[in-house]
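This report goes through a model of several chains.

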Amino acid sequence: MTAIPLVFALLAAGIWFAAIAERFASARRFPSAIVLAPLWQAARLLSQQRVRTEYPDALNWALAPLVYGALAVAGLSVVPFAPGLVVAPLDTGIVLWGACEALTIVAVFLHGWSANSMLPLIGGYRFVAIGLPAMLLSMFVLIAAALPAQSLAVGAIVESQRSMWNMVRQPLGLPLFLLLGLAISLRGPMDYGDASDLSGGTAAEVSGPHRLAWGIARLAMLTAFAAMGASVFLGGYLGPWLPGPAWLALKTAALLLVLTWLGCNLARMPAPRMMAALWLVLLPLSFLDLVIAGVEALL
Amino acid sequence: MAVRALAWLAERSATPVYIACGQDGDAMAARLAQVPAISLQHSIRHAAILLVAGPYRDADRPALRRLHDQLPHPRATVWWGAVPLAEAQDAVTIAQGDHPVARLRRLDRNLLRGERASEPDWLPDEPPNEWRGKGDHGQGGEGMMGGVPYGRPMAMMGEEMRDALMLDAMTITIGPFLRTLPPGLSLELTLQGDVIQQARVVTPAYPASGGASEPLLRAARMLESLGLPDLARRAQISAMRDSAEGLLAAARRCGALLALPAELADVRARLEAALRGGTAPDPGEEWLVDRLAGMEWQSALLRIASFDPATLAQIAPAAEPDEDEEDGDEKERAA
Amino acid sequence: MTAADLAFYVLSAIAVVSGWRVFRTDSMVRASFLLMLSFIAVAAIMLMLAAPYIGMATVFMMAVEMMVMALFMVMFMMNPAGLNPMNMVHQNRLSIGAGATAFVGLTVAVLFTDLPHEKVARQAPVIRDLGHELLGPSMLIFESAGVTLLAAMVASVVLSARSGRFGPSDEGSRPPGLEPGGEPAGRIPESEQEDE
């Protein structure tokens, strides 16, 4: 089982890398040694009090960050690092990933709901309304990617990209999938859960170690998503010269950079407009993606 | 030992500050925007230091006390061009003209190392209200619903304004120190989900001081609500330098104007004007509270933030004092 | 007892206990997520029964379903952290009767059905078989259920859309009368009842 340490190594590296990329993208070049900045931030949060609101649902409030992080690990467990090098070689890999996406929405909602405060509640509520359609269209996009492989296993989907990456074969797939990545890691234009207009949304009432756990879980989910996206659309571990895990790590890092850049540089539209865009424009586009994949499979 | 090591690591990170803006506090906050050693937070729970910037009104004192008690330990308060409240012991005061960064950093370090004691609560840890003998359980509403037991508002059935369904609505007060609202403005909102059913002005925004940088500060506040914190910081820095050069183009690249739907065309026009450093005229005939009814949260905040101070003073004057509504409320979000 | 047996008993216990807690908790959101937990335990049992696709799909669907329910609960009752306690049981006699009948019926069905005894082969292509079954012999049932659900979804979206069936819903859309010129069909909003 060499894959288990690889999963945690990728997660740790991804969390660190994404945290640095975030600071770099927002041009906050302080302190000068930006590489250690996440560690210092973590130390600050660890030395802060964990506040309690009045009558929260304490169990769900504490569970939410743990569930969120655990789902990132579970999602990453179906991503192969090399042929056969995977923690859970399931035939239903992308269905498991879909279940992780759905449960992530539950975790974020519970985080907002159980704080017993208005702004987190609105954050959780609004996130669900946007997150569910985003997840729906990601599933169509994933099924389209599974068509050429004739399998729901992530390993088979990677193998089917030996001649051509899915990013090229299904040009609509990756952009639509990235949208979901922004949503489930609560980022930039899809951050309807922890947005600044709600003073931090579901995280508005948390401080100290709890906030640290939530932040780590968010970055872990971002990393898991990037690894999944790299496997399904960028050929995962495939590539010349370097070993498979190295290629997967490089492609994951590339997607992390893209996601961070998008998160920092795109405005977030009001929720009703995003909802309309998701249902009326993007969901039909994901159907189109599915049709393209289907026609291609028939030819 | 471990604590000292943790403090050694922690004091190297940026100092998280929640800035409670009084009169002209907005422009003072902008002076901190370009300091990388200070990070301005959106929620009081994420801060270590409460920075009261500029003079505040007597009416804002209760809100300031509640805000302070929501700070996580170790905590401290700094009065920048503001008179400390009587509760504040060993108060750190800074003159309005001085730059507070060095003091803030030192205070932060002392707090982390335990060399300065964390501030105690300013309010007694008890319900802000008496138990009122109304309703089945004495909370003032009906049955198990509604009312303000111990000063906490509970959801109550009401007709949803858009489709006349009977749904629960909840009333909360935001401001006067909420960063996404114009400084001083406090609103009482009745919310159903993220839709505002009813709004009431509790305290009006601070009057304009007539600074030329005001439009850019206003644009910064709108960009924050659009999820563009980096661009907002850039707008604040531009406000300090009195030059809006390139800001509008940068906002366009980020889709800040495209993100606003057709219903918010007025907000878009005002944002565009503000990014140029000017002000789009508004007839100012309709009350702010009437314009907010039926709006979704983010759109409503954007619209409130888009008015220039003169128009805001005209359309959102102080409401008549209402004894019933002045109750303190522990859960009230001033953060 | 093997590890598989132990896992089965633990998962069954989780499913039963969280199913029971659904009715003992005092908040609708907690109740729906307890129900989700119960279903997830059942889904894990399905995974053990060599039905990986159905197991995963159950988790997926239950998470989405319970989430939608919780969304409606926030919409109906702004009740963070279940602050307004609520009774989760009502119509007790009817429910007890229905529950007992269902339990007896299912028990009889389980005891009297001739369940297959042979183990599923480790390499059996269960997902492929499931696909062939759904798009082969069971296609009529599967597709008619699917089309019915789709029709229901389209209908509910049409009914709840802002541009309602009888004009924009926020501008007082009213259904036509049952007879020409008669009272509008359906429920009359209370605000209008007072006006009349």
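Two residues count as in contact here if their C-beta atoms, placed from the backbone, lie within 7 Å. The model is predicted, and the predictor gives the complex an ipTM of 0.87 and a pTM of 0.88.

**Chain A against chain B**

By that criterion, 48 residues of chain A are in contact with 43 residues of chain B. On the side of chain A that touches chain B, the elements giving two or more residues are helix 2 (37–46), helix 5 (118–149), helix 9 (208–233), helix 10 (244–265) and helix 11 (271–298) of chain A. Helix 2 of chain A gives the most, with seven residues. By type, the residues on this side of chain A are 24 nonpolar, 13 polar and 11 charged.

**The sheet of chain B**

Chain B holds an open sheet of five strands with parallel pairing, in the order 2-1-3-4-5. Strand 2 (38–40) and strand 5 (92–94) of chain B are at the edges; each has a single partner strand, so one side of each is left without a neighbour in the sheet. From one strand to the next, the twist averages 30°.

Strand 3 (residues 49–53) and strand 4 (residues 76–80) of chain B are paired in the parallel sense over five bridges. Within this part of the sheet, V52(B) has W79(B) of strand 4 of chain B as its bridge partner.

Two helices of chain B lie against these strands. Helix 2 (residues 25–33) of chain B lies across strand 1 (15–21), strand 2, strand 3 and strand 4 of chain B, and runs at about 165° to strand 1 of chain B. Helix 3 (residues 61–69) of chain B packs on the sheet and touches strand 1, strand 3 and strand 4 of chain B. The direction of helix 3 of chain B makes about 160° with that of strand 3 of chain B.

**Chain C**

Chain C has a mean pLDDT of 82, with 85% of its residues at 70 or more. Confidence in chain C is lowest in helix 7 (residues 190–195), at a mean of 52, and highest in helix 4 (residues 92–112), at 93.

An unreviewed UniProt entry lists residues 6–23, 35–54, 60–82, 94–112 and 139–159 of chain C under "transmembrane region". Values for two of these spans follow.

| Span | Distance between end C-alpha atoms | Helix and strand content |
|---|---|---|
| Residues 6–23 of chain C | 27 Å | 100% helix, 0% strand |
| Residues 35–54 of chain C | 18 Å | 85% helix, 0% strand |

How values were computed. Residues numbered from 1 in each chain as written. Chains lettered and ligands numbered in written order. Predicted model: local features only at pLDDT ≥ 70, side-chain atom pairs only at ≥ 80, totals over all residues. Helix = DSSP H or I, 4+ residues; strand = E, 2+ residues; numbered from the N terminus. Nonpolar A, V, L, I, M, F, W, Y, C, P; charged D, E, K, R; others polar. Pairing = 2+ DSSP bridges. Axes fitted to C-alpha atoms, helices over the stretch in contact; angles between N-to-C directions. pLDDT = per-residue confidence, 0-100. UniProt positions renumbered as here; feature names shortened; annotations may be inferred.
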